[in-house]
Amino acid sequence: MKLAFIIDPIHQLDPCHDTSVALMEAAQILGHEVWVTQANLLSVVESKAWAVLQQVELVPVELVEGRWVAANPWYNLSERFFAPLETMDAVFMRTDPPVNDSYLYATYILDYIDQNKTLVINSPSGIRGANEKMYALQFTKAIPETIVSADKQFIRQFVEAKGTAVLKPLGNKAGEGILILQSGDRNFNSIIELSTLQGKVPVMVQTYLPQAKEGDKRIILLNGEPIAALNRLSSGTDFRNNMATGGTVAQTEITPREHEICTQIAERLRQDGLIFVGIDVIGGYLTEVNVTSPTGIREIDRLDGTRLAHQVIQWIEQILQIKK
């Protein structure tokens with residue numbers, strides 16, 4: 001197969017952490033061509049999506065004494081080629097948020113790939129329709145008590161009723177801008193004004209889950225089915241459990257309640273073309289559905305001795321074989 005990955009500049013990726021690199025490595029090991037491009041290198045020509053592409057050869061990371069170790073350099077790029085993305089068997093949209101105008105325009109360009117010829121992961125329309133915070137709200141039996149609003153007074157009433165809540169900007173990633181709100185905080189007005197841009201932009205506010213101290217579980221789903229999980233723990237100096245904020249990771253299992261959540265959301269994910277997804281669960285409650293560039297594979301493989309990226313690529317092989 002020929003697989004294209006739309007990623008952030010490759011020199012900015014961490015081969016020992018980034019799931020995009022794990023997927024590319026797995027594709028190469030399984031005998032497929034791996035090509036890379038960036039969202040700003042996409043075009044539409046004669047109503048077809050094109051891209052400036054480079055073939056990449058990777059030196060796979062190695063597990064040494066419980067840590068991933070990468071070669072230096074760990075990749076080599078070919079000359080650039082301008083080609084239709086339909087010449088690829090599959091295209092992975094793996095650009096990191098924020099989902100801003102340029103990100104959205106890239107998904108519009110990807111709409112001009114004939115999905116009868118090329119599988120796009122995740123679906124461009126699915127990504128557009130699945131804000132990673134808002135998407136979870138439709139699964140009312142799975143989420144904690146939540147509001148979305150830019151109204152300071154409404155947010156205050158919610159926080160006063162709950163005592164403690166968590167504020168999340170709708171467009172950020174990796175825990176950026178997440179804040180604890182507490183009833184009686186003298187900084188409350190300023191926090192809401194800054195977070196909502198003076199009442200112009202809504203934010204998500206959820207009741208605080210004390211179980212967050214026990215970790216924030218990332219569950220990886222492939223075509224709606226949970227395939228592995230990872231527990232993320234705060235560093236102790238930050239209430240957020242995100243790896244990007246210095247959190248640590250630990251081995252874990254998927255509980256019956258978490259399987260139930262996966263079952264609740266599976267059919268909708270498949271309907272929306274959201275094939276590779278990472279959901280976040282705290283204390284048995286769904287808090288986010290990550291569809292842009294979900295990560296965690298490297299950490300799970302290191303802890304569990306798995307090869308999750310191989311599983312993803314092999315699933316694609318099977319799907320494309322069925323199409324043929």
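This report describes the overall fold of a predicted protein model and then one of its strands, S14.

## Basis of the model

Because the model is predicted, local features need pLDDT of at least 70 and side-chain atom pairs count only at pLDDT 80 or more, whereas totals for chains, interfaces and linings use all residues. Residues are numbered from 1 along each chain as its sequence is written, and side-chain values use heavy atoms, with hydrogens and water left out.

## Overall form

The protein contains eight helices and 19 strands, taken as DSSP runs numbered from the N terminus (helices H or I, at least four residues; strands E, at least two). Its radius of gyration is 20 Å, which agrees with the value near 20 Å for a compact globule of 324 residues; the radius is taken over C-alpha atoms, and the globule rule is 2.2 Å times the number of residues to the power 0.38.

Of the 324 residues, 49% are buried, meaning under 20% relative accessible area, with exposed over 50% and partly exposed in between (1.4 Å probe, protein chains only).

Strand S14 (residues 203–207) has five of its five residues buried, so the strand is largely enclosed by the rest of the structure. Val-203, Val-205 and Thr-207 point one way from S14, while Met-204 and Gln-206 point the other way.

S14 pairs in the antiparallel sense with strand S11 (residues 146–149) over four bridges, and five bridges join S14 to strand S12 (residues 164–169), again antiparallel; pairing requires that DSSP finds at least two bridges between two strands. Met-204 in S14 stands opposite Val-148 and also opposite Lys-168.
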